[in-house]
Amino acid sequence: MMRPSYDDLLLEAMTLGATVEERTLQHGLCGFYWDRERTIVIDDGMADWQKRCVLCHELSHARYHDAGCGTNCSKAERRARKETALRLISPLEYASAEAAYDGDAFLIASDLGVTVQVLNDYRMWLDNNVRA
């Protein structure tokens, strides 16, 4: 399975009827989804590979019309993080990078073109499925 590019994800947003805007966000905020306006906002100060991870994550919220971090935030956030990790990380590429970099999260994430958070989410999913 081919990992989606940023442009692929922008096209997906259009098919979902969501608008994507890039603008400067407050420190520590990478992006958010506003369901009422069907708008995804991504911090324009990030690198392209980071924007790709954030857009993929926010698309999950758009797909399910998540209302934001209210009372149901944890379930929606866990789902978005899992979906993002599974979409952006190929199992074969992960295994190869894991072996090549002896488990170093930063080097593996860099090689795979994802954030360390996305990598850690993928690892958590793996751990949960190995134990299941």
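Threonine 84 counts as buried because its relative accessibility is 2%, where buried means under 20% relative accessible area, exposed over 50% and partly exposed in between (1.4 Å probe, protein chains only). The model is a predicted one, in which local features need pLDDT of at least 70 and side-chain atom pairs count only at pLDDT 80 or more, while totals for chains, interfaces and linings use all residues. Residues are numbered from 1 along each chain as its sequence is written, and side-chain values use heavy atoms, with hydrogens and water left out.

Threonine 84 is placed in helix α3 (residues 73-88); helices (H or I, at least four residues) and strands (E, at least two) are DSSP runs, numbered from the N terminus. A polar atom of the threonine 84 side chain lies 3.3 Å from the backbone nitrogen of histidine 57. This is a polar contact, defined as a pair of N or O atoms within 3.5 Å; within protein, one must be able to donate a hydrogen and the other to accept it, and residues adjacent in sequence count only if both atoms are side-chain atoms. When residues up to four places away in sequence are not counted, threonine 84 touches Cys53, Cys56, His57 and Val118, contact meaning heavy atoms within 4.5 Å.

With a disulfide taken as a pair of cysteine sulfur atoms within 2.5 Å, the count of disulfides is zero. Cysteine 53 is in no disulfide, and its nearest cysteine sulfur, that of cysteine 56, is 7.6 Å away. Cysteine 56 is likewise in no disulfide, with the sulfur of cysteine 53 as its nearest. Cysteine 53 counts as buried at 4% relative accessibility, and cysteine 56 counts as buried at 2%.

Helix α2 (residues 48-63) has 16 residues, which at 1.5 Å a residue should span 22 Å; its end C-alpha atoms are 22 Å apart, in agreement with this. The expected span is 1.5 Å times one less than the number of residues. Because 12 of its 16 residues are buried, α2 is largely enclosed by the rest of the structure. Among the buried residues of α2 are Lys51, Arg52, Glu58 and His61.

The largest nonpolar core has 27 residues, and those with the most contacts inside it are Ile89, Leu112, Val114 and Leu119. A nonpolar core is a set of buried Ala, Val, Leu, Ile, Met, Phe, Trp, Tyr and Cys residues joined through side-chain atoms within 4.5 Å. At least two residues of this core are supplied by each of α1 (6-15), β3, α2, α3, α4 (91-100), α5 (105-112) and α6 (116-131). Helix α2 gives the largest share of this core, six residues. Valine 114, leaving aside neighbours within four places in sequence, is in contact with Trp49, Cys53, Leu88, Ile89, Ala109 and Leu119.

Glutamate 12 lies in helix α1 and counts as buried at 17% relative accessibility. Residues up to four places away in sequence being left out, glutamate 12 touches Leu59, Arg63 and Arg87.

Strand β3 (residues 39-43) is joined to β2 by four bridges, and the two run antiparallel. Strand β1 (residues 19-23) pairs with β3 in the parallel sense over five bridges; two strands pair if DSSP finds at least two bridges between them. Threonine 39 of β3 is the bridge partner of threonine 19 and also of tryptophan 34, whereas isoleucine 40 is the bridge partner of tyrosine 33. Five of the five residues of β3 are buried, so β3 is largely enclosed by the rest of the structure. Both of its faces are covered, with Thr39, Val41 and Asp43 on one side and Ile40 and Ile42 on the other. Strand β2 (residues 31-34), in contrast, has a covered face, Gly31 and Tyr33, and an uncovered one, Phe32 and Trp34.

Positive phi values occur at several residues. In the hairpin of β2 and β3, which has four residues between the strands, arginine 38 takes a positive phi near 50 degrees. Histidine 65, in the loop between α2 and α3, has a positive phi of about 55 degrees although it is not a glycine. Histidine 65 is partly exposed, with a relative accessible area of 44%. Aspartate 102, in the loop between α4 and α5, has a positive phi of about 50 degrees and is not a glycine either. Aspartate 102 is exposed, with a relative accessible area of 72%.
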